[in-house]
Amino acid sequence: MKTIFVTCGATVPFPDLINSVLSSEFIKCAVENGFTRIISQIGNGYTDVLAEQVTKLNTVGDYMCHITAEELGCKSIACSFKLESNGLQFIAIEYSSKIEELISKNADLVISHAGTGSILDSLRLSKPLIVCVNDNLMDNHQQQIADKFESLGYIISCRATPSSLINGLVSIQGTTLKQFPGSRNITFEYKLVETSYSL
Amino acid sequence: MGLNITYLFAIIILVISVFLARALFVLPFYRLNYNCTDNNDITNNNVSDEITRKKIEQFTSKRPLNAFIYLGSGGHTGEMLRILSNFNETLLKKGNTLHVGYSDEQSHEKFENLIKSSFTSYKDINVKYYKFIKAREVNAGYLKSLESIIRTLLSSFINIIEIKFEMMGKPHLVLLNGPGTCCIIALWFKVLDILLLFTSSHIIYIESLARINSLSMTGKILYLLADLFVVQWEELIRVAPRAKHFGILV
């Protein structure tokens, strides 16, 4: 199943990203590009808000989710449904304790908030990555880090609106992103050892 | 009588100047030759990785390493754990002792998961935990933060003394990457270095990957205290000329 994995980070909810992902324009675009499933980590405490939104969508009544909470690395699945119009599956969890395994096994594309941890997770697993900056956060580090990684050619950066996300999705299909280098820096490791074993 | 006071005075001045001289020696900020000290081949990239690896092996095969790491919570813990697994061959080598400082249970749990989940020889390292009280809760009032800072200062001093004496005389390393509590930890290590005269704590500070153009508050303070100050983006060298850049480490 061609899957988009969406992560909002665990601590701060990112409603604009979820709304953009659930927008009919974006879902249409995703389906056109061959995606059949979206798995999303929505952040702690966001289940109720999402459930409210989902009632407005046209979903298939008797849908069965074929992935277990255990596999997703969480206690319970926040919500899961299948869209009536195009059959796209959507699975949401609040927080996954084994996000790396989840990404490496299931994701063909990752859409992530601009936290360094989430960015590094996907890049290390060599997954194509769209980074979405949260404009509502007070610190501008996320913007800086997204710009920096984009200028180095590792990611595509976008804003949390349906149109910007669609642009990102379209442009990531046409480009090959640069492979992220490993972090075992031997010079630094020598420096660590030299410092430790000095007087 | 007057003579005695003069003698006493002279002794006091002597003692003070010994400790002052020691302080100048310990605080890297005053080391004028700091940039000239590592003109060796390895840091200048003239040596192949293979030879460097062998040199590392020579060091680490002799005696196990004692490292203190501080898990700062959230993103700081995340970056520290990445550093541990990236440099596991040195930091988590069989026989090592790892002193782990933490303030929240989540970090503690994440660290244990890392050690347990690894299939290799991580079981053969000794781990000791030290709980630290957080320096500053976000959004706390001034009086409240002052009180908590004093409490943190005292309780962490006891931890640091214990760690310091465990590590002394063995190859050792203090690895910090934020947040605020790290300033207190580094400060106490340096105070002990000054008082004990013949020891150095080998403090290495690694600035967060999120910092591209400016240092964090903790970074600014640790810039004055750390023996090796590492930044992950080259741009930061302009702001912190004494810093070292090895690329992304997390």
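Two strands are said to pair when DSSP finds at least two bridges between them. With that in mind, this predicted model can be read through its sheets, beginning with chain A and then turning to chain B.

**The sheet of chain A**

In chain A, seven strands form an open sheet in the order S3-S4-S2-S1-S5-S6-S7, and their pairing is mixed. Strand S3 (79-82) and S7 of chain A stand at the edges with a single partner strand each, so one side of each is left without a neighbour in the sheet. On average, and with direction ignored, neighbouring strands of this sheet are turned by 15° against each other. The partner of S7(A) is strand S6 (residues 129-133) of chain A, and the two pair in the parallel sense over four bridges; in one of the bridges between strands here, A:Val131 has A:Ser157 in S7(A) as its partner. Helix H8 (residues 162-174) of chain A lies across strand S5 (109-113), S6 and S7 of chain A, and runs at about 165° to S7(A).

Within strand S7 (residues 156-159) of chain A is the place of A:Cys158. Is A:Cys158 buried or exposed? Its relative accessible area is 6%, and because buried means under 20%, A:Cys158 counts as buried. When neighbours within four places in sequence are left aside, A:Cys158 is in contact with A:Ile130, A:Val131, A:Cys132, A:Val133, A:Ser164 and A:Leu165. Of these, A:Ile130 is 28 residues from A:Cys158 in sequence, while the C-alpha atoms of the two are 7.1 Å apart in space.

**The sheet and make-up of chain B**

The secondary structure of chain B comes to nine helices and seven strands. Seven strands of chain B form an open sheet in the order S3-S2-S1-S4-S5-S6-S7, with parallel pairing. At the edges stand strand S3 (126-131) and strand S7 (244-245) of chain B, each with a single partner strand, so one side of each is left without a neighbour in the sheet. Strand S6 (residues 228-231) of chain B runs parallel to S7(B) and is joined to it by two bridges, and B:Val230 stands opposite B:Lys244 in S7(B).

| Helix of chain B | Strands of chain B touched | Angle between directions |
|---|---|---|
| H3 (residues 74-86) | S1 (66-71), S2 (97-102), S4 (172-176), S5 (203-206) | about 150° with S1(B) |
| H6 (residues 142-167) | S1, S2, S3, S4 | about 160° with S3(B) |

Buried residues make up 48% of the 250 residues in chain B. Among contacts in chain B with a separation of 6 or more, 70% are between residues 24 or more positions apart. Chain B exposes about 13000 Å², of which carbon and sulfur atoms supply 63%.

Chain B is divided into domain 1 (1-33) and domain 2 (57-245). The centres of these two domains of chain B, taken over C-alpha atoms, are separated by 30 Å, and the contact takes nine residues from domain 1 and 12 residues from domain 2.

In soluble globular proteins, nonpolar side chains tend to be buried together. The largest nonpolar core of this model has 67 residues, and those with the most contacts inside it are A:Phe149, B:Leu84, B:Leu91, B:Phe111 and B:Leu175. Helix H9 (residues 186-197) of chain A gives the most to this core, with six residues. A second, separate core of 36 residues includes A:Ile27, A:Ile38, A:Ile42 and A:Ile172. Beyond four places in sequence, the residues that B:Phe111 touches include B:Ile69, B:Leu71, B:Leu81 and B:Leu84.

Notes:
Residues are numbered from 1 along each chain as its sequence is written. Chains are lettered from A and ligands numbered from 1 in the order in which they are written. This is a predicted model: local features need pLDDT of at least 70, side-chain atom pairs count only at pLDDT 80 or more; totals for chains, interfaces and linings use all residues. Side-chain values use heavy atoms; hydrogens and water are left out. A nonpolar core is a set of buried Ala, Val, Leu, Ile, Met, Phe, Trp, Tyr and Cys residues joined through side-chain atoms within 4.5 Å. Buried means under 20% relative accessible area, exposed over 50%, partly exposed in between (1.4 Å probe, protein chains only). Contact means heavy atoms within 4.5 Å. Accessible areas come from the Shrake-Rupley method with a 1.4 Å probe; for residues, only the protein chains shown count as cover. Axes are lines fitted to C-alpha atoms, for helices over the stretch in contact, and angles run from 0 to 180 degrees between N-to-C directions. Domain bounds come from an automatic or database domain assignment.
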